[in-house]
Amino acid sequence: MKRGDRGPRQPGGGRQIAGPRGQDRGAAFAQRHRFANRPKRASQQRQKRPGPPSKPAEASAPKPAEPIQAPATGVQTTKVTPDEAGMRVDRFLEARFPGLAFSHIQRVIRKGELRVNGRRVEPKDRLAAGQAVRIPPLRLEAPKPRGEEGGEAEKTRAFLRSITLHEDADVLVLNKPMGLAVQGGSGTVRHLDGMLEVLRDPKGQRPRLVHRLDKDTAGCLLVAKTRFAASALAKNFRSREARKIYWALVVGVPKPRQGRISTFLAKEELESDSRMRIAHHGEEGASHAVTYYAVVETAAQKLAWLSLKPVTGRTHQLRAHCAHIGHPIVGDPKYFAKENWELPGGLQNRLHLLARRIVVPHPRGGTIDVSAPLPPHMVQSWNLLGFDAARYDPIEAAPEE
C-alpha cells in the first residue's frame with residue numbers, strides 16, 4: 001500500500017483517521033481506545049444501580065453537629081485564699097467551677113468526696129484561709145451551641161431585667177415570682193440560680209445568691225454580682241446586720257397582737273417530702289429560731305395581715321412558727337393543719353407569704369433598702385379584704401435580735 005493511501009500526515013507526525021467529515025475528535029479517540037467503551041462486569045453494574053437524581057450540593061442538608069461532651073476535671077487539692085475566707089463550701093465550689101451544676105455540688109459534698117483538711121464537711125460549713133480542699137473529679141456542664149445559647153440567653157436576660165428591683169455594680173435585688181425555685185434540685189430544671197449564668201461579666205465572674213427563699217415565697221432576693229460583694233454580704237447575714245421583713249396572711253388573729261416566737265426547729269423526713277418540726281433544746285439536728293411578729297390589719301377576726309421579722313434564717317422558719325402559734329399562713333401546703341376551715345370566696349389557695357423588704361449595709365458603704373410589691377394573688381386578697389398596702393408597718397419598732 002502506498003504511503004498516501006493511509007491518509008495525509010498531520011503536523012507533528014500524527015496521521016488523520018478516516019471518517020465522515022465533521023466527526024467529533026472525542027468519538028475518534030474512543031474508536032482508537034476501545035477499552036474505554038468496553039461494557040462493565042455485572043458485579044460493577046450492580047454496585048451502581050440507577051437511583052433518584054442527586055440534589056445540588058448547595059441544597060443538601062448539612063451534617064448534624066457532633067454532640068458536645070461535658071468536660072471533666074481530675075482530683076485536685078487547692079488552698080482557700082484570704083478573699084475566699086468565710087465562704088460556704090458549696091459557694092466555694094460554685095465560684096471556682098462556674099459550669100458545675102448545683103445538684104452535682106451538693107452530691108459530691110454529701111457523699112464525702114470533697115474534703116477540707118482531710119475531713120468531711122457540710123455544704124453550709126464555712127471555710128478559713130489556708131485550708132486545703134481536696135476536690136474530686138467534677139463533671140462540668142457542656143457549653144451550649146452559640147446559636148441556641150444566644151436566643152435562650154437573651155430571653156433569660158429580658159426576664160431577669162423585668163424582675164429587677166435594684167441594681168448597681170456590686171448588688172442585684174430581684175423580685176422573685178411565686179412558684180419559681182431559687183436553686184435546682186431533684187426534678188427542678190428552671191431556677192434562678194441557673195439563670196444567673198447569663199449575667200457572667202467579661203472577667204468570668206458569675207452573680208451569686210446571698211440567701212434563699214422558698215419556691216412559693218415571692219419577693220426580695222439579694223444577689224451579689226462580684227466575689228467582693230458576696231463575701232461582704234455573707235458576713236452581714238452571719239452577724240445579723242441584714243434586716244428582712246415579710247408579710248403574710250394568716251388564719252385568725254394572734255394574741256397578743258405583737259410578740260416574739262422562740263423555738264428550736266429540726267428537719268423531719270416524711271415518705272414523700274420533708275418539713276421542719278418543733279424540737280427540744282439539745283436535740284440532735286435542732287437549731288434555735290427567733291421571729292418577731294405584729295398584726296397590721298384584720299378581717300372580721302377571721303384573717304390577719306401579719307408583718308414578720310425573722311432574727312434567724314432557718315428553713316421554713318416563718319411558716320413553721322406561724323403554724324406553731326395556731327395561725328398558719330393561708331395557702332401553705334406543708335404547715336396548714338386547720339380542720340374544717342374553708343378558704344373565703346375570692347381568695348386563691350396559694351401561699352400568702354411575701355419577702356416584703358430587705359435592708360442591709362452596702363459592701364462599699366451606705367445602705368441597700370428595697371421593697372417588693374405584693375404578688376398578683378396577694379393583691380387580689382388585699383383588695384377583697386380591704387387592706388391598704390400603704391399602711392404603717394408596726395414591725396419597724398421590733399428589736400433586731
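Ile105 is buried in this predicted model, with a relative accessible area of 1%, and the helix that holds Ile105 is helix 4. When the neighbours within four places in sequence are left aside, Ile105 is in contact with Asp90, Leu93, Glu94 and Leu100. The C-alpha atoms of Ile105 and Val89 are separated by 9.3 Å, and these two residues stand 16 residues apart along the chain.

Helix 3 and helix 4 pack with their axes 10 Å apart and at an angle of about 130°, which makes helix 3 oblique to helix 4. The crossing in which helix 3 passes helix 4 is right-handed. On the side of helix 3 the contact is made by Val89, Asp90, Leu93 and Glu94, while helix 4 contributes Phe102, Ile105, Gln106, Val108 and Ile109.

How much of helix 3 is buried? Seven of the eight residues of helix 3, which spans residues 89-96, are buried, so this helix is largely enclosed by the rest of the structure. The buried residues are Val89, Asp90, Arg91, Phe92, Leu93, Glu94 and Ala95. Helix 4 (102-110) is one of the elements that cover them, and the cover also includes strand 1 (76-79), strand 3 (132-135), helix 6 (192-195), strand 6 (208-209) and helix 7 (227-238).

Another buried position is Tyr293, which has a relative accessible area of 7% and lies in strand 11, residues 287-299. Not counting residues up to four places away in sequence, Tyr293 touches Pro254, Lys255, Pro256, Arg257, Gln258, Gly259, Arg260 and Ile261, together with Leu306, Ser307, Leu308 and Ile395. For Tyr293 and Arg260, the separation is 33 residues in sequence and 6.4 Å in space, taken from C-alpha to C-alpha. Pro256, one of the residues that Tyr293 touches, lies in the loop between strand 8 (243-251) and strand 9 (258-269). The peptide bond that runs from Lys255 to Pro256 is cis, with omega near 0°.

Ala300 is placed in the loop between strand 11 and strand 12 (303-310), whereas Asn340 is found in the loop between helix 8 (317-324) and strand 13 (353-361).

| Residue | Relative accessibility | Class |
|---|---|---|
| Ala300 | 65% | exposed |
| Asn340 | 79% | exposed |
| Cys220 | 2% | buried |
| Cys322 | 1% | buried |

Both Cys220 and Cys322 count as buried, and the structure holds zero disulfides.

Finally, some totals describe the protein as a whole. The protein has nine helices and 14 strands, and buried residues make up 41% of its 401 residues. Among the contacts between residues at least 6 apart in sequence, 64% join residues that are at least 24 apart.

Terms used: Residues are numbered from 1 along each chain as its sequence is written. This is a predicted model: local features need pLDDT of at least 70, side-chain atom pairs count only at pLDDT 80 or more; totals for chains, interfaces and linings use all residues. Side-chain values use heavy atoms; hydrogens and water are left out. Buried means under 20% relative accessible area, exposed over 50%, partly exposed in between (1.4 Å probe, protein chains only). Helices (H or I, at least four residues) and strands (E, at least two) are DSSP runs, numbered from the N terminus. Contact means heavy atoms within 4.5 Å. A disulfide is a pair of cysteine sulfur atoms within 2.5 Å. Axes are lines fitted to C-alpha atoms, for helices over the stretch in contact, and angles run from 0 to 180 degrees between N-to-C directions. Angles under 35 degrees count as roughly parallel, over 145 as roughly antiparallel, 65 to 115 as roughly perpendicular and the rest as oblique. A crossing is left-handed if the near helix is turned anticlockwise from the far one by less than a right angle, and right-handed if clockwise.
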